[in-house]
Structures are given as C-alpha cells and as structure tokens.
Amino acid sequence: MTMTGTIRTTCPYCGVGCGVLATADGRGGFDIAGDPDHPANFGRLCSKGSALGETTGLEGRLLTPRINGVQAGWDQALDLVAGRFRQTIAEHGPDSVAFYVSGQLLTEDYYVANKLMKGFIGSANIDTNSRLCMASSVAGHKRAFGSDTVPGLYEDFEQADLVVLVGSNLAWCHPVLYQRLVAAKTLRPAMKVVVVDPRRTATCDIADLHLALAPGADAALFNALLAQIVARGAVDRRFLAHVSGFAEALVAAQASDPGATGLAPADLRAFCDLWIGTEKVVTVYSQGINQSASGTDKVNAIINCHLATGRIGRPGMGPFSVTGQPNAMGGREVGGLANMLACHLELDNPAHRDAVQGFWGSPAMPTAPGLKAVDMFRAVEEGRIKALWIICTNPAVSMPDADRVAAAIRGCDFVVVSDMIAETDTTRLAHVLLPATGWAEKDGTVTNSERRISRQRALRAPAGQARHDWRILADVAARMGWGAAFAWASPAEVFAEYAALSGVAGTLGSDFDISNRAEQGADGYAAMQPFLWPDAPARQGGRFFGDGRFHTPDGKARMLPVTPQAPKAALSPDYPFRLNTGRVRDHWHTLTRTGLSPRLSAHLAEPFLEIHPDDAMRLGLAPAGLAEVTSPQGRAVLRVLVTDRVKPGEVFAPMHWTGETAPTGRVDALVASVVDPVSGQPESKAAAVRVAPF
Ligand code: SF4
C-alpha cells in the first residue's frame with residue numbers, strides 16, 4: 001500500500017528537523033520537496049534531504065526476523081527475546097540486561113523503550129547513541145539552568161547581529177540552518193559571523209573571522225572572553241540578580257591562560273571586541289564542544305558569558321546547542337539517557353520517581369542511574385551485561401574504541417538487534433535480528449534543536465515483515481507479563497500517554513509539559529502541525545529565561561567556575577598527531593541509508609585523511625595515496641587528502657565508513673573511550689594517532 005497525494009513529513013537526518021513533502025511518483029518511489037510551511041526550513045532542503053526518495057527501496061533491507069542467521073517467524077523471535085530477558089533478569093537481576101538505542105528513533109519508540117526498561121524491568125540500563133552527540137549539552141544546561149532547556153529559536157540566528165559558531169561545521173552538518181544564516185547575512189551584510197574551529201571548514205566561507213584555535217581550547221577562549229567582559233565593564237548588573245556563582249566563575253576565568261587558545265593576541269582581541277560590542281549575539285555550539293572529555297565545562301564556559309551579559313532569552317541572543325540527530329531532543333524529553341526520567345524529571349529525585357511509577361503503575365523503578373554508553377559496553381565486555389538489545393544504531397562502527405566494542409558485543413551471551421538494514425557491523429553480531437520499519441514506513445514525532453515537535457508520517461506499508469519499534473518493544477513487554485501497560489493500538493495512543501505524563505511532570509515543576517496535546521485523539525495526532533514547547537507564544541515569544549526565572553531551587557541561573565583541560569589522549573613521539581573526526585556534507589552516520597544514493601556517494605566516495613602539506617611531504621605521503629593511521633586503540637587506512645584546511649600536527653577524518661579492504665574507514669576504532677566525567681560523553685575529536693604511508 002502506498003499513500004496517494006502529497007504527505008507532509010519530516011526529514012530523518014539531522015537536528016534541523018526540516019519539513020518534507022513526499023509525493024508518490026507512480027513507480028514505487030517518492031518525489032521529495034521541502035515543505036514551504038514548515039517553520040524549520042520554509043521549503044528548503046539540503047542534499048541529504050532532497051535525496052530521500054533515492055533511499056526508500058528494498059535494497060539491503062532486513063525483511064524477516066532471523067535467529068542465529070536463520071529466517072524465523074515473529075512469534076518465535078519475540079518469544080525467544082522475552083524468554084531470555086526474563087530468564088537473565090531472574091538469574092542475575094535487572095541490571096544484568098541493557099538497551100542501547102538511538103537518536104534516530106521516533107519519540108514514541110523511545111518512550112516505550114524507556115517505560116519497559118525503567119518502569120518494568122526495573123533498571124536504568126538504557127542509553128543511547130545521543131550520548132555520543134549531546135550529553136555534554138544536557139549536563140551543561142542542567143548545571144546552569146536547572147533543566148535541559150535550549151533557550152532560543154532558529155529565528156534568533158537571523159535576528160542576531162553576531163553569530164558565533166563554535167565547533168560547528170554548520171554548512172555541512174546543519175545545512176538548512178546554514179542556508180538561513182547565509183540568507184540573513186545577505187539581507188543584512190552588517191551581520192557578523194565568527195567560526196571557532198581548529199580546521200578551516202566550509203562554514204568559514206561566510207566567516208568574518210575564523211579562529212583556528214588549538215584543539216580542545218574552547219574553554220580557554222570563553223574564559224578569556226568572560227575576563228574581558230568584566231574588565232571592560234560589560235557585565236549586566238541588573239541580570240546578575242538572577243544569577244549565582246559569578247564571583248567563582250570570574251576567579252577561574254581570570255586564572256585561565258589565554259595563550260592556551262593558540263590564537264594570535266590580535267585575533268583574540270578582535271573576537272572579544274566583536275562579542276562584547278554586539279548585544280544581539282548567538283553562540284551556536286555543536287560536537288566540537290560536546291565531544292570532549294571536558295565538554296560539559298566548555299558548555300558552561302559559553303553559557304557563563306551569556307549569563308554575565310544577560311544575553312539570553314531575548315530575540316537574537318543566547319547560547320544555542322544544535323543537536324546532531326533528528327530526535328536527540330525527543331530522546332532527552334522521554335528520558336532516553338541512563339540518568340534521566342521522562343519529561344525532564346530526575347531519576348535521583350524520589351518525588352519524581354514516585355510520580356512516574358504511580359503514573360505507569362509499574363512494579364519497579366531504579367533508584368540509581370544506569371550505565372552510560374561507554375560504561376555499558378565495558379559491562380558487556382566484562383560479562384556484567386548478559387542480555388543486550390541494540391535498537392536502530394550501529395555501535396560496532398560508531399562507538400569510540402569500536403573494535404573493542406565489537407568484540408564485547410560478539411562475546412555477549414545474548415544480543416538482539418532491531419534494524420531496518422540486514423548487513424551492518426552490528427547486525428552481524430546478533431543472535432536475534434528483528435526487522436524494523438524505517439522512514440517512509442513509520443508514524444510518530446521528533447523534536448528538533450529548537451524544541452519544535454514535528455510529525456513523521458508513513459508513506460507506504462512496511463517492507464517485508466518489518467514492524468514498528470514501539471510495537472516490537474510492546475510485544476516483548478507483553479510476553480514478559482506486562483501486556484496491560486503496553487496495550488497501545490497506535491503511536492497516537494503512545495503519544496497521548498506520554499503527553500499526559502508530561503502534565504504530571506508539569507505539576508512537579510518540569511518545564512516540559514505538552515499535556516494540552518494529550519486529548520487530541522487519533523485524528524488530531526494525524527493532523528498535528530509542528531509546534532514548539534512551550535506552545536508559542538507562551539513565554540517571551542517562545543524563548544526561555546528572558547524573564548530571569550530558571551529551574552534551579554533558588555530560581556537563579558548558575559555560573560560555573562571552569563578550569564580548561566587539555567584533551568585526555570596525550571600526544572607522544574609514537575602518536576604525534578591530533579585526530580579530529582566529523583561528518584561530510586552528503587553522508588549520514590554509518591552510511592546505511594545515504595550510501596544507497598549514488599548522487600550522495602558521488603560527493604566524497606571514500607574515507608579520507610586531511611593532512612597539511614608540510615606533514616604530507618615530511619612523511620612521504622602522496623596526494624590520493626593511502627595512509628595508515630594508528631592509535632593505541634586501532635587502525636584505519638585512508639585516502640590522503642593534502643590540504644591546508646588543517647594545521648600542521650593535526651589531521652581530520654570522517655566517521656562514516658567501515659570496510660575490510662583498503663581504504664578502511666573505521667575511524668572510531670582509533671578513538672579512545674575516554675569520557676567527560678560529568679556527562680559521560682566520549683572525546684571523539686581529539687585522538688592521538690601516528691600516520692604513515694600504507
Ligand atoms: Fe534533513 Fe538536516 Fe538537510 Fe534539513 S538540513 S534536509 S533536516 S539533513
């Protein structure tokens with residue numbers, strides 16, 4: 001069955017969350033266009049979104065359940081999964097099992113997975129690949145604001161007089177936001193853009209100033225800025241009445257060495273002049289900040305500057321975290337991380353726990369946080385996790401220290417993988433493979449980086465025997481004896497329950513309350529238009545904190561003292577290069593979808609290593625030759641791309657590829673699994689490696 005007419009849905013790739021119009025082309029595919037009425041993109045799409053129609057075929061799909069590689073029926077597979085999880089819990093306790101899920105999941109899927117693990121199995125061992133993406137932003141928000149709240153909106157990018165992009169290659173990673181920024185700067189040429197990035201990325205094309213700072217030195221930069229804000233009398237004393245911790249943060253900032261930024265004093269001065277001299281400033285940050293062993297501190301160093309100047313919660317100003325995945329925010333809202341409960345409630349708050357348990361009528365709730373991603377796979381390796389369910393993600397490629405993670409999964413007693421793709425590095429390690437529906441086949445919601453909830457809608461019937469993730473989880477829950485609590489007939493019913501729970505959360509002081517959507521019914525859900533939470537224009541035109549009220553116990557925002565830290569993976573004579581990793585323009589994650597599009601694969605067809613001409617010459621690396629890149633953790637063989645986009649001593653490689661023959665792009669096999677002690681997010685952008693001709 002293929003829907004007729006034009007269906008309004010949402011792109012499944014990045015956190016911009018663009019609206020898409022999909023129209024059946026009569027040949028089994030879909031014509032794709034940007035939705036002119038969607039407030040994230042107003043009709044724009046990037047290369048990935050516009051190629052969605054090329055990636056909805058059956059090529060590579062997992063179409064039936066498999067047990068140990070052999071085709072099986074759904075009942076047989078679900079019975080086995082439920083039986084093994086039940087048996088493992090009975091023998092070893094609830095913390096002997098774990099779910100590892102994904103920011104690609106729809107909110108309804110995420111909600112059901114969390115309800116099953118936290119409310120019924122009674123463990124908090126559910127974590128997500130969003131841990132690799134924005135956990136430091138979550139932790140930084142909670143430390144500063146008392147809640148995981150993004151204060152601003154996309155339109156702030158357009159209303160700002162200065163946009164500072166820190167550790168964000170917006171042009172490639174959030175292309176439609178970049179298009180909006182370019183359009184705004186074209187209309188108002190006086191608007192300034194600063195890019196803070198060790199590497200000269202495509203985003204620098206519109207930069208008035210590019211600060212190629214030393215890798216990992218972002219906290220030193222924003223400490224220097226805070227010290228200058230104070231030295232130049234630019235503190236907003238009126239707003240400081242709403243802030244605590246100013247003096248301590250200032251002492252730390254003044255003790256910090258601006259020389260650690262590696263920037264020329266004139267560049268540092270120019271940055272401070274611009275930032276301090278411009279009231280309407282938005283500081284946008286992404287993985288260059290988050291993917292660090294001190295990412296949470298970096299987030300707070302940025303927020304400190306906005307709090308000291310009162311530049312938050314008003315049009316055209318504020319700190320702004322842009323998320324990598326389509327539903328990283330939705331996952332946060334349903335409590336998709338091992339240390340959270342749904343609707344921004346806290347796992348370690350007894351009143352919050354009791355409220356959620358009462359709402360769910362659940363038999364058991366964990367009282368302590370579960371294992372975060374890196375620790376979860378370490379527990380798998382050590383045999384403490386004996387049954388693991390991986391849903392909609394490919395950790396054997398994407399986790400840091402990926403070879404070790406793959407070996408850990410291979411050694412686990414019982415591994416279930418739900419995926420739409422048959423052959424991935426992770427599906428090959430599964431005892432039970434469950435075919436899941438993908439984009440174009442499933443219905444639900446996602447939340448983008450500005451807190452706007454949009455609908456994904458099914459365009460056609462599921463491929464083969466594929467089932468929706470929420471349905472698979474509910475079927476397993478029923479087989480484990482909890483059918484009454486998982487008896488939804490549709491994602492609309494899941495959403496209604498989740499929205500009602502947010503009303504309970506609202507009575508406990510949570511900022512996340514969408515309970516006015518709980519009673520809309522299936523028709524209302526089907527027709528749902530993108531909406532902000534809180535529903536605009538509830539507060540400050542949809543912005544938080546302009547009124548100076550925060551979600552901390554005393555209602556004040558907190559400035560944090562930040563002492564800059566060098567990257568944890570130390571350089572040495574054996575491993576003298578600093579490896580930065582990231583995305584390319586036309587590919588997504590581990591290529592399982594975008595790799596199906598010839599057009600997208602034409603942009604950059606192979607895994608590569610950007611290296612400075614001086615280093616390439618010294619090492620005898622020929623352009624377009626092969627380089628072997630080695631770290632204490634692993635090895636990759638990459639095509640040499642000689643470029644002065646990177647500085648001497650620094651190299652860059654994209655994170656999408658895998659493969660058995662050269663070039664082999666298992667770049668996350670090179671990355672050490674060191675993490676931020678607050679957020680648990682790994683340091684994916686500062687590995688120490690050796691480079692040699694292959
Ligand atoms: Fe999709 Fe992001 Fe491109 Fe928009 S910017 S079309 S959400 S990949």
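User: Which helices each supply at least two residues of the shell around the ligand?

Analyst: The model is predicted: local features need pLDDT of at least 70, side-chain atom pairs count only at pLDDT 80 or more, and totals for chains, interfaces and linings use all residues. Residues are numbered from 1 along each chain as its sequence is written. Helices (H or I, at least four residues) and strands (E, at least two) are DSSP runs, numbered from the N terminus. The helices that each give at least two residues to the shell are α1 (47-50) and α7 (175-187).

User: How many residues of the shell around the ligand are charged?

Analyst: The ligand is surrounded by 14 residues (C-beta atom, placed from the backbone, within 6 Å), with Cys11, Tyr13, Cys18, Cys46 and Gly49 the closest. Ala, Val, Leu, Ile, Met, Phe, Trp, Tyr, Cys and Pro count as nonpolar, Asp, Glu, Lys and Arg as charged, and the others, Gly among them, as polar. The shell holds nine nonpolar and four polar residues, and its charged residues number one.

User: Between which domains does the ligand lie?

Analyst: Domain bounds come from an automatic or database domain assignment, which gives four domains here, including domain 2 (66-132 + 327-542) and domain 4 (577-693). Two domains both contribute residues to the shell, so the ligand lies between domain 1 (6-55) and domain 3 (135-322).

User: How far apart do the C-alpha centres of domain 1 and domain 4 lie?

Analyst: Six residues of domain 1 are in contact (C-beta atoms, placed from the backbone, within 7 Å) with nine residues of domain 4. The side of domain 1 that touches domain 4 divides into two nonpolar, two polar and two charged residues. The C-alpha centres of domain 1 and domain 4 are separated by 30 Å.

User: Which are the edge strands of the open sheet of seven strands?

Analyst: The strand order is β5-β4-β16-β15-β14-β6-β7, with mixed pairing (two strands pair if DSSP finds at least two bridges between them). Inside this order, β4 (residues 66-67) and β16 (residues 432-435) run antiparallel and are joined by two bridges, with Arg66 opposite Leu433. The strands that pair on one side only are β5 (70-71) and β7 (126-128).

User: What separation do the C-alpha atoms of Ala308 and Ile229 have?

Analyst: Ala308 lies in helix α13 (residues 295-309) and counts as buried because it has 24 C-beta neighbours inside 10 Å. Beyond neighbours within four places in sequence, Ala308 is in contact with Leu226, Ile229, Val235, Phe246 and Met559. Ala308 and Ile229 are 79 residues apart along the chain, and their C-alpha atoms are separated by 7.9 Å.

User: Is Ala624 buried or exposed?

Analyst: Ala624 has a positive phi of about 70 degrees although it is not a glycine, and it lies in the loop between α23 (613-619) and β23 (626-630). Because 11 other C-beta atoms lie within 10 Å, Ala624 is exposed.

Notes:
A residue is buried if 20 or more other C-beta atoms lie within 10 Å of its own, exposed if 12 or fewer, and partly exposed in between; C-beta atoms are placed from the backbone. Two residues are in contact if their C-beta atoms, placed from the backbone, lie within 7 Å.
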